[in-house]
Amino acid sequence: MEISAVLITHNEAKNLPRVLEKLRWCEEVVVVDSGSTDDTSAIAKKFGARFIHRNFDGFSSQKNFADRQAIHDWILSLDADEVPSDDLNESLCQIKADGASYDAYCFPRKAFYLGKWIKHSGWYPDKKIRFYDRRKTYWEGLVHESVKVNGVVGELNGDLLHYTCGSLREHLSTIDHYTTLAAQQLLNNGHRPSIGKLLLAPPWALFRSYWLKLGCLDGIHGLIIACMSAFYVFSKYAKVWRLNTK
């Protein structure tokens, strides 16, 4: 069984060496880049990856395009700030040797946030489908895109390690970017702004993350995540209102 690892990038010189080092066992690595101005291109080529430029027009569109560029039908799709753990790599290599029993596979994703591995807060296990037969799957969603599978999904042992925001500034910048996309998607789906959403949805998001999803067990990190979750929700609905009034 032959496997293509596929990544989409934009200015990922900081993260790219870490993940590419872990993907040497794949038959090929394809990097689809949307105009990086740092050393992303040079690093990808140094590791032997096939580097392709494509203007960004949405996460799902970019990832569907990237999957089509691969030589092999079995795809391991990762973001540049994600790295398979040793256990996950072992599970993937076992399937590579024995063959697949399912059309796609999911596995837990664990986030490293502000210097700590997060074990609760709704962030873990956060199972993702990232290993799949592209003939049975496609990416869907303008924001928080996911793989849709026309078949049966199995589960692998081992975590996908996600080296997410290293600072509050980075987290706020990410929220600003994603809430803009999320607000546009809501409007496209016919959603209209309401005072109720602005007033009630943010505190519910905080309560859900900190108490229902046991963010309290993540200490101060859990509290920060809960507050950021509330701010994300508020920003999203505020942007829906703003877009609707333009």
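In β13, P84 has L160 as its bridge partner. This is a predicted model, in which local features need pLDDT of at least 70 and side-chain atom pairs count only at pLDDT 80 or more, while totals for chains, interfaces and linings use all residues. Residues are numbered from 1 along each chain as its sequence is written, and side-chain values use heavy atoms, leaving out hydrogens and water.

Strands here are DSSP runs of E with at least two residues, and helices are runs of H or I with at least four, numbered from the N terminus; two strands pair if DSSP finds at least two bridges between them. β5 and β13 (residues 160-163) pair antiparallel over three bridges. They belong to an open, mixed sheet of four strands in the order β5-β13-β7-β8. β5 (82-84) and β8 (116-117) sit at the edges with a single partner strand each, so one side of each has no neighbour in the sheet.

Another open sheet, also with mixed pairing, lines up seven strands as β3-β2-β1-β4-β9-β6-β12. Its edge strands, β3 (50-53) and β12 (153-155), each pair on one side only. β6 (residues 104-107) runs parallel to β12, joined by three bridges, and Y105 stands opposite G154 in β12.

What about disulfides (pairs of cysteine sulfur atoms within 2.5 Å)? The count is zero. The sulfur of C106 is 18 Å from the closest cysteine sulfur, in C93, which is too far for a bond. For C216 the closest cysteine sulfur is in C227, 13 Å away and again too far.

Conventions
A disulfide is a pair of cysteine sulfur atoms within 2.5 Å.
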